[in-house]
Structure formats: structure tokens, C-alpha cells
Amino acid sequence: MKAMILAAGKGERLRPLTLHTPKPLVRACGVPLIEYHIRALAEAGFGELVINHAWLGEQIEAYLGDGDRFGVRIRYSPESEPLETGGGIHHALPLLGDAPFAVINGDIWTDYDFAALKRPLTGLAHLVLVDNPDHHPDGDFVLAEGRVAEEGAGSRLTYSGIALLSPRLFDGCSAGAFKLAPLLRRAMAANDVSGERHPGRWVDVGTLERLAEVERILGEGC
């Protein structure tokens, strides 16, 4: 199974750190955020990775190279301008192939075991959800009996930015910028989205304060 790391964001809320550094290379305890993902994916048995990039993407390629030093093979999907989450994945589909693939947002930090994504996919998507953080108290979707819906009875949780997706989710899509969420909602309406709750650590590293939170979690590792 292949995995894609979404790394095309500009990281405006992390300025001034991202003025001259792409968001995925911002460091927590001296290690770029994206490197935590790559090492965890390699440990979980993912040998082939695809990384998209736009803002200062050449720095990402220069730092990560072909992935050999991490024990993986990395291929890149450059974007002349950010295509948003859905458009970025759609643009990279030729590199991802016809089988289900894992997708991880490059601007999160988590202790989730990516090996759990190496599972059969019965629908169009499997989402990893987390308890609602303070900055997103209303959550995104409802999880009930292993299925994810936009509304209904069950626990309302936040999408973690970690998923297993089928290429068929993008059937009918055209090239260009578009969001992933509408595709997921359409699949949810057809009961084609499964999910799980991750009870462990997870931080959406969107601000300097949350970057500091990651460093507090890592503690002695800094």
C-alpha cells in the first residue's frame, strides 16, 4: 500500500517561521514535522510515499531526497499553485495507482500507528477521527458503529487528517483546485465511509501555540 503526505500548504498562521521555510519542514524539537510522518510510515511498513508540494517545494525535495535514508521511496507531485486537499490528491492519482492508499495531512503531529491503515477497504474511505480539540469544539462528523456520517446519533468527532481512500472516490472529478470534504460527504450519504476513533495524541499544528504544544508533548525528546 502507498501513502500520500499532503504538504502543499503555505502555513500562513505559522509566520514568520514559514516565510522562508515550507510548513512541513518547520521543526518540532529539532525535527521537521514531515519527518515524523515519514519515519512512522516506514516503521509501519509503507515503502512507497507520494508527497505533493507547492510553496517552497524545492526545499522539501532537497531535504527528503528520494527517501532512501528513511528506508522508503519518495515520489513528488509538484503543484504550480495549491490545488487544495481534493485537487492535490486527484493530481497525484497517476503516482498512487489503482489500489486504496493512505493519506496524511503534513501539518499534524500524532502518535497514531499507521500500520492500522493497512486494512481492507470495504467502501470509498476510512477516516481516523479524534476528540474535538478546543479550537474545533463542534467536530466534523458522527461516528456510530464503525460508520461515519455527516449527521445522526453517535459521537461527533473531528477528522484527524488521516485516512484510507479508494481512487474511486474521485470518479468524475476534473483537474483543478477542490476540497476533499464534499467527496467524503457524498460517500457518507451512500454509507460508503467507515471510521475509527484514535484515543491517543494528536495536534493540528496550525499555529505557533500548537507547535509549542507538540514540543511540550515530546518533552525530554527536545
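Analyst: Contact means heavy atoms within 4.5 Å. The model discussed here is a predicted one.

User: Which residues does L169 touch, not counting residues up to four places away in sequence?

Analyst: L169 is listed among the residues with the most contacts inside the largest nonpolar core, which has 30 residues. Not counting residues up to four places away in sequence, L169 touches L124, L180, L183, L184, R186 and A187.

User: Which element gives the most to the largest nonpolar core?

Analyst: Several elements each supply at least two residues of this core, including β1 (3–6), β8 (125–130), β11 (155–165) and α4 (181–189). The element that gives the most, with five residues, is α3.

User: Is H198 buried or exposed?

Analyst: H198 is found in the loop between β12 (193–197) and β13 (202–204). Leaving aside neighbours within four places in sequence, H198 is in contact with T110, D111, Y112, V128, L129 and V130. Buried means under 20% relative accessible area. The relative accessible area of H198 is 10%, so this residue is buried.

User: With which side chain does the side chain of H198 make a polar contact?

Analyst: D111 is one of the residues in contact with H198. At 2.8 Å, the polar contact of the H198 side chain is with the side chain of D111.

User: What is the radius of gyration of the chain?

Analyst: The chain has five helices and 13 strands. For 222 residues the globule rule gives 17 Å, and the chain comes close to this, so it is as compact as a globular protein of that length. Its radius of gyration is 17 Å.

Methods: Residues numbered from 1 in each chain as written. Predicted model: local features only at pLDDT ≥ 70, side-chain atom pairs only at ≥ 80, totals over all residues. Heavy atoms only, no water. Core = buried A, V, L, I, M, F, W, Y, C linked by side-chain atoms within 4.5 Å. Buried < 20%, exposed > 50% of the residue type's maximum accessible area, 1.4 Å probe, protein only. Helix = DSSP H or I, 4+ residues; strand = E, 2+ residues; numbered from the N terminus. Polar contact = N/O pair within 3.5 Å; in protein donor to acceptor, adjacent residues only side chain to side chain. Rg over C-alpha atoms; globule rule 2.2 N^0.38 Å.
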